[in-house]
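Let me put the thing up on the screen, and then I'll walk you through it.

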Amino acid sequence: MTDITAETTAPTELPRTKTDWMPLALVPALALLALPFIGSPSAWVTLTVAGLAMGMMIFLMASGLTLVFGLMDIINFGHGVFISLGAYATLLVLGPLAGWGAADSVGLNLALLLLCIVTAMAVTGIVGAVFERVIVRPVYGSHLKQILVTMGGLIVTEQAIHALWGASPIPIRLPETLRGAFVIGDIVMERYRVVAVGIGLLVFLGMQLLLNRTRIGLLIRAGVENPEMVEALGYRIRRLFVSVFVAGSALAGLGGVMWAFYRQTLTAGMGMEVMVLVFIVIIIGGLGSVGGCFVGSILVALVANYVGFLAPKLALISNILVMALVLIWRPQGLFPVARR
Amino acid sequence: MSEPLLRLQDVHTHIGPYHILHGVTCDIPAGQLTMLLGRNGAGKTTTLRTIMGLWRASSGSIRFDGRDITRCSTPSVAQGGIAYVPESMAIFTDLTVRENIVLAARSGPVDSARLDWMLGLFPALKRFWNLPAGNLSGGQKQMLAIARAIAEPRRLLLVDEPTKGLAPVMVRSMIEAFRALKEAGETILLVEQNFYAASALGDNVLVMDDGRIVHSGAMSDLVADQALQQRLLGLSLDAHQ
């Protein structure tokens, strides 16, 4: 038996496929365009790093939703609750291990962050499995019912958070190592934001590897395009649906942890508050496209930061403007998925 | 006629409020190519989709290799050895040609001899091996859809109108490919509107009308009997040539 991927089977003189560079070029183009308006290079670098960090956190929160929508055709308005739940799950770790965060040890500080992430992903993954079974599964195929039922699920779960942890905002403290900033000349970059960029990039690369280099990734990509044909090939798409929903919930939980440490305050509604941004980036990126979600997140966050600096009064509407402009240019989003 | 590999017995299918199949009864013998003919809306596609479990039979039975698959899920039917090529082809356009084939080979990598045989049947696929399948022409997409169905040995191929919308030269290529599949001993149930293609390929023929099988027999008998063609299909082979 020979692996089909073997080089010997690949034909010579392949026609070239066109790579769509235009959406990718938007991010550097936007950053360069902003430079002369901002004036100071150090302020520009600080704003750009802050924008990238925010973009990565939005990506972490949104990537699961775009996958769930792409594969399962589910509009999950309850996605925000997994962000809140992930954020609150940090309390399970921060309570007993508060000393690790205060310790003057990079290892303990990073271990604490890692434990928070693992715990949050486990909790949101489990709750995601229950949410899919109890709330989402009965309404497959009906978008209106999905919106109503998942909104209901969100309200119920938010109230459950209130019941468990109380209705008052809860302050949390960043581990010592992640406090403060790197200062290079006039450039100031908050340490936590740099870490957030690193984690976001790692997750994006991991997802790209999973989607493009593994059979499960092939199945997800094929399922996004035509779930019925995936079943006709002999694969049980329902199991894939559940796995993707659980993974999407866990990713939202991870995003929730990062968002919580960024805000340093927990509220049950924090997930719901960020959902407008999340929906904007998955629409800009192209529903179901992880790459599009990544580019869309960075684009939205950079615009928010630059506009917030240059014209604070316009900051609130800047994301809507970006979405409108992108949809005028590409009505299906930056990287449309074939089925949609 | 040899022992049937697939047997449909009084199969009824409803889609929503519509009663589409009204008691389909037929046998598909192993190792032969059976053509399923009929006008648009006769129920040919519904028959294939019902066999695959994509639409559930409301009554009747479907037995494949002696096993009742009437209530089986689509993945179970496929795992039992039935491959399906829908009329829409349903190739994954965002995946490369290679990835489409890799996905179809459920049990692991395709062995090189089978791959060579497949690419020998459809040499055009070689040129686009590492390109998104969305770049293929209609005929090439059809080739990929059939290649995907035979990426692993299957007991039965269900193919829905493979020549629809193809240029004559591509229709001839398709006929040659199905001839080669016949010679390889594949069992095929082929829905076709093109009577010229059907007559060139079929060992047996089933004719459907209004959700029922109204004729079954040897293809050679239908080809030889123009009056029967006129009665069943409303045209004769001469009209197609």
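This is a predicted model: local features need pLDDT of at least 70, side-chain atom pairs count only at pLDDT 80 or more; totals for chains, interfaces and linings use all residues.

Let's start with confidence: among the elements of chain A, which has the lowest mean pLDDT and which the highest? Helix α4 of chain A, residues 98–102, has the lowest, at 86, and strand β1 of chain A, residues 170–171, has the highest, at 96.

Chain A as a whole has a mean pLDDT of 89, with 94% of its residues reaching 70 or more. One stretch to watch is residues 1–15 of chain A, where the pLDDT is below 50. Beyond near neighbours in sequence, that stretch still has 26 contacts in the model.

Chain B averages 90, and 96% of its residues score at least 70. Confidence in chain B is highest in α1(B), at 97, and lowest in helix α11 of chain B, residues 237–240, at a mean of 47. Over residues 236–241 of chain B the pLDDT is below 50, and the contacts of this stretch beyond near neighbours in sequence number 12. For the overall scores, we have ipTM 0.91 and pTM 0.82.

Right, on to the helices of chain A. Take α2(A), residues 41–72, and α10(A), residues 237–263: their axes come within 7 Å and cross at roughly 165°. That angle is over 145, so α2(A) and α10(A) count as roughly antiparallel to each other. The crossing is left-handed. And what kinds of residues make up the contact of α2(A) with α10(A)? They divide into 18 nonpolar and 5 polar, with no charged ones.

Helix α11(A) covers residues 270–285 and packs on α12(A) at an angle of about 125°, with the axes 7 Å apart. That makes this pair oblique, and the crossing is right-handed. If you want to find the contact on screen, look on the α11(A) side for residues including A:Leu277, A:Ile280 and A:Val281; on the α12(A) side, A:Gly292, A:Cys293 and A:Val295 are among them. By class, this contact has 9 nonpolar and 4 polar residues, and no charged ones.

Then α12(A), residues 290–310, also packs on α13(A), residues 315–329, at an angle of about 145° with axes 9 Å apart. This crossing is right-handed too. From α12(A) you get A:Leu299, A:Val300, A:Val303, A:Ala304, A:Val307 and A:Gly308, and they meet A:Ala315, A:Ser318, A:Asn319 and A:Val322 in α13(A). That contact comes to 7 nonpolar, 3 polar and no charged residues.

Okay, over to chain B, and the sheets. One is an open sheet of 6 strands in the order β6-β7-β8-β3-β9-β10, with mixed pairing. The edge strands are β6(B), residues 82–85, and β10(B), residues 212–218, each pairing on one side only. On average, neighbouring strands here are turned by 15° against each other, ignoring direction. At the β10(B) end, 6 bridges join it to β9(B), residues 204–209, and the two run antiparallel; B:Leu206, for instance, has B:Ser216 as its bridge partner.

There's also an open sheet of 4 strands, β2-β1-β4-β5 in chain B, with antiparallel pairing. Its edges are β2(B), residues 18–29, and β5(B), residues 67–68. β4(B), residues 57–64, pairs with β5(B) over 2 bridges, and B:Arg63 is partnered with B:Asp68.

Last topic, how the chains meet. How many residues of chain B are in contact with chain A? It's 33, against 26 residues of chain A. On the chain B side, α2(B), α3(B), α4(B) and α5(B) are the elements that give two or more residues. α3(B) gives the most, with 6. By class, the chain B side divides into 19 nonpolar, 7 polar and 7 charged residues.

How values were computed:
Residues are numbered from 1 along each chain as its sequence is written. Chains are lettered from A and ligands numbered from 1 in the order in which they are written. Two residues are in contact if their C-beta atoms, placed from the backbone, lie within 7 Å. Ala, Val, Leu, Ile, Met, Phe, Trp, Tyr, Cys and Pro count as nonpolar, Asp, Glu, Lys and Arg as charged, and the others, Gly among them, as polar. Two strands pair if DSSP finds at least two bridges between them. Axes are lines fitted to C-alpha atoms, for helices over the stretch in contact, and angles run from 0 to 180 degrees between N-to-C directions. pLDDT is the predictor's confidence in each residue, from 0 to 100. Angles under 35 degrees count as roughly parallel, over 145 as roughly antiparallel, 65 to 115 as roughly perpendicular and the rest as oblique. A crossing is left-handed if the near helix is turned anticlockwise from the far one by less than a right angle, and right-handed if clockwise.
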